[in-house]
Amino acid sequence: APGGIETLVLDLVGRSGGNDWILSLEGTPESLCANWPALNAVRSRLIGLNKGRGFSLSLIKRLSDDMRATSQRMVVAHHIGPLIYAGAAARLAGVPRIVHVEHDVWHYASAKARYYTRIASAVIRPRHVAVSNAGAARLKEIVPGCDVTVIPPAIDTNRFRPSDRARARQNLGFDDTARLIGSAGRLVAVKGHEVLIDALPLLPSDTHVVIAGDGPERARLIERAQALGVSDRLHLLGHREDLEFILPAFDVFCLPSHNEGLPRTVLEAQACDLP
């Protein structure tokens, strides 16, 4: 499913000139492309391992075989689960460089996650990267003595930049009189979209909330808006690949997430000059 990390991975692989592969623990190539058509651009370099529930030792062997078959020289794993699988597989396959990227640290509230990260770091010995200084500091607490390089998320400021507000609003079906609060993100509980919907009845009647994204919480969010009497002021756009043409329509961008790392959507909104 397309989220911030997934979009980042697609950006990196899409720019690599055909040398990089995406190895997904979840799904099959067919299901992944069906859920996110943008992946069709790299379909020939996409491997889906269709992982089931629970830990799978055999999956490490499958990953290792895929890394050998595609002659990988470096493996980049995002978060702890992929580090355990891809890191172990990379060591078995003799891949010389392993990078572990940590995008947020709220999941380290779990003692199990902290334990597995320390063990994986000691055994796999990856190069640790964090997307923020706060994330790096927390990772150093969990894995004492480890070096962490901070590489903030990058966005394309040729793509995301201030543009024609009136045209962007017209494309969404709004005129210049409406007040638009915009958001972007998967419709999942952790993104906190219900907080924004709960606030809508407290705002002037010409205020609308527009959310780009899709996910399992969609029906529940619609029901919540109906119960609050603001369903006509909530607009769910579904997943969009053209966010650069949507953001300029908003008066303000709001991400009411319960837990985040350093979200790309906030950086993209800032690049479009949104409060």
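Mentor: In this predicted model, Thr207 has a relative accessibility of 4%, so Thr207 counts as buried.

Trainee: Where does Thr207 sit, and which residues is Thr207 in contact with, leaving aside its neighbours within four places in sequence?

Mentor: Thr207 belongs to strand S8, which covers residues 207-212. Once neighbours within four places in sequence are set aside, the contacts of Thr207 are Arg179, Ile181, Leu200 and Arg233.

Trainee: Which residues of H11 are buried, and what covers them?

Mentor: The buried ones are Arg264, Thr265, Leu267, Glu268, Ala269 and Ala271. Their cover includes helix H1 (4-14), strand S7 (179-184), H10 and strand S10 (252-253). After H11 comes Asp273, with a positive phi near 70°.

Trainee: How do I read a pair of helices? At what angle do the axes of H5 and H6 cross?

Mentor: Look at the axes, then at the residues that meet. The axes of H5 (residues 111-124) and H6 (residues 133-142) come within 9 Å and cross at roughly 80°. An angle from 65 to 115 degrees counts as roughly perpendicular, and H5 and H6 are therefore roughly perpendicular to each other.

Trainee: Which residues of H5 and H6 meet?

Mentor: From H5 come Arg114, Thr117 and Arg118, and they meet Arg138, Leu139 and Ile142 of H6. By type, the residues of this contact are two nonpolar, one polar and three charged.

Trainee: How is empty space found in a structure?

Mentor: Rolling a probe the size of a water molecule over the atoms shows where empty space is left. Take the second largest pocket here, with a volume of about 200 Å³.

Trainee: Which residues line the second largest pocket?

Mentor: Its lining consists of Asn158, Arg159, Arg161, Ser163, Asp164, Arg167, Ala168, Asn171, Glu244, Phe245 and Pro248. Sorted by type, the lining of this pocket has three nonpolar, three polar and five charged residues.

Terms used:
Residues numbered from 1 in each chain as written. Predicted model: local features only at pLDDT ≥ 70, side-chain atom pairs only at ≥ 80, totals over all residues. Heavy atoms only, no water. 1 Å grid on protein atoms, 1.4 Å probe; cavity = no way out; pocket = protein on both sides within 12 Å on 5 of 7 lines; lining within 4 Å. Points joined across faces, edges and corners; volume = space filled by probe spheres on them. Nonpolar A, V, L, I, M, F, W, Y, C, P; charged D, E, K, R; others polar. Axes fitted to C-alpha atoms, helices over the stretch in contact; angles between N-to-C directions. Helix = DSSP H or I, 4+ residues; strand = E, 2+ residues; numbered from the N terminus. Parallel < 35°, antiparallel > 145°, perpendicular 65-115°, else oblique. Contact = heavy atoms within 4.5 Å. Buried < 20%, exposed > 50% of the residue type's maximum accessible area, 1.4 Å probe, protein only.
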